[in-house]
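Try each task before you read its solution.

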Amino acid sequence: MMRGHTLPWLLGLCVAATAAQAGPPPASQAIPVASFNDGVNHWRSGHAEGYARLQPQQYRQIADNLLLLQRRSGGWPVNQNPLRVLDAAAREAARKAQDEPGGSFDNRTTYTQVDYLAEAFARSADTRYRDAALRGLDFILDQQIRSCGGWPHSVPARTDYHDRITFADDVTSGVLTTLRQVQTAPRFAFVDAARRARVASAVQRGDACLLQLQVRQKGRPTIWAGQYDAATLQPAPGRKFELAALVTDESVGVVRYLMSIPDPSPDTVQAIEGALAWFQANALHGLRLQTVDAPAEQFAHHRSTQDRQLLADPGAPPLWGRFHDLADNTVVLADRQGQRLQTYAQVGRERRTGYHWYGTWPQALLDRDAPAWRARTGHRAP
C-alpha cells in the first residue's frame, strides 16, 4: 500500500470520456493503463523484471487477463499485473484464486478494472467484458459502508484496518469518481436502470460521507484523515506507522473529486474552500527533501540504493507532510512499531526510502485546479 499517487488514473478516465464523446475510437487504439500503475508497481517489487509484457494497444488481451483475475465475488485482489503475459502456470493459479472471497479497493483496485472493462466492451462488443464490469459494479455497490457511505480498504477484513472507511490510496474518492462516470460516460450505456438507481443512491450517500467526515478544527473544515472507524466515524490508524492523522495526498484527491461535481451545493463549496485554506496555511517553507546515493540495502519489501534527507533551504518550494496532526497540524512521523517520531532523521532508512513522508501533492491543486474551478463555477476565493 505505497502512498503518494494522487489520482493518477483520473487522467485516463478523462481521456476515455473525451474519446467516447467524440465517437468510438479505432479498435486497435490503446486504452490508457495508468489506472493500473499502483498495483503493477507493487507486483513488480516482488517479481523478477524479465517477464513478457502486453502493450497498451493490446486491450483485448489485457481485458482477458482482467476476466481471469476477477473473483467470483465480482471484486479483484490487490497488486496484480494485468499487463503481463500469463503462462499456463499463472493462468491456472488465477483460476484457482477466483474462488477466494471478496476483493480489494486498495492501490486503486476493482473500480479501475470495472472502468477498463466498460471501455473494452464499448470498443469490442464482447459481452464477457460487459458482464464482468457489471459483476464488479455490483461488488462495489454491495460494499458501501452503511454507517456513512464510504468504502473499506478490503473485504473480507484480514487486519484491524481493512474494514475502516478508507480515504488512503484514494479508495472512497476513487470509487465515487468511477460511479459518477457510470452515470454520465457513454461507455457505461449498458448499465441497466435498476443499477443506475443504486449508483445514484451510492453517489448521494458517498458525497454526504465526504462532507460529514471532513475534520473540523474549532469549527473550521480542514482536510480528511486516512481512515475512519466505521462505528464511531472518528479518525483511526491504518498500518502501525500510519497513525490517525490528517492525510494530505488523498485529501487532494477528495478535493479534486468535489471540484468535479457539476453543480456543487453550498456545503460542497465550503468543504472545498476549507481544504484549500488548510493547504495554504500548513505548507512547510524552507525545507528541501533531497535524495542521495547510499550503499545498496535489501529490505523486506524493496531494495534501496539511495537515501533521503530533509535539509534547510530558504529557496525551496513548499512541502507538506504526508500526515499532519489532527489537532495542531504538526507533521506526524512514525516507525514500524507505531511510535511517533519527532524528526525525519529518526525515521529508519527502510521507511524513509519505502514511503513518502513529505511531498508537494497540494501544489498543483492550489496553483492550477483551484483557479480553474473558481472560474468555471463563478465562485470567488474567500
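**Exercise 1.** What pLDDT does the protein chain average?

Solution. This is a predicted model: local features need pLDDT of at least 70, side-chain atom pairs count only at pLDDT 80 or more, and totals for chains, interfaces and linings use all residues. Residues are numbered from 1 along each chain as its sequence is written, and side-chain values use heavy atoms, without hydrogens and water. pLDDT is the predictor's confidence in each residue, from 0 to 100. The protein chain averages 93. At least 70 is reached by 93% of the residues.

**Exercise 2.** Find the strand order of the open sheet of three strands.

Solution. Strands are DSSP runs of E, at least two residues, and helices are runs of H or I, at least four; both are numbered from the N terminus. Two strands pair if DSSP finds at least two bridges between them. The order is 3-6-7, with antiparallel pairing. Strand 3 (165-166) and strand 7 (235-236) are the edge strands, each pairing on one side only. Two bridges join strand 3 to strand 6 (residues 227-228). Ile-165 stands opposite Tyr-228 in strand 6.

**Exercise 3.** Check the span of helix 12 (residues 363-377).

Solution. Expected span is 1.5 Å times one less than the number of residues. Helix 12 has 15 residues, so it should span 21 Å. Its end C-alpha atoms are 21 Å apart, which agrees.

**Exercise 4.** Which residues of helix 12 are buried?

Solution. Buried means under 20% relative accessible area (1.4 Å probe, protein chains only); exposed is over 50%, partly exposed in between. The buried residues are Leu-365, Leu-366, Asp-369, Ala-370, Trp-373 and Arg-374. Their cover includes helix 9 (248-259) and helix 10 (266-281).

Key
Contact = heavy atoms within 4.5 Å.
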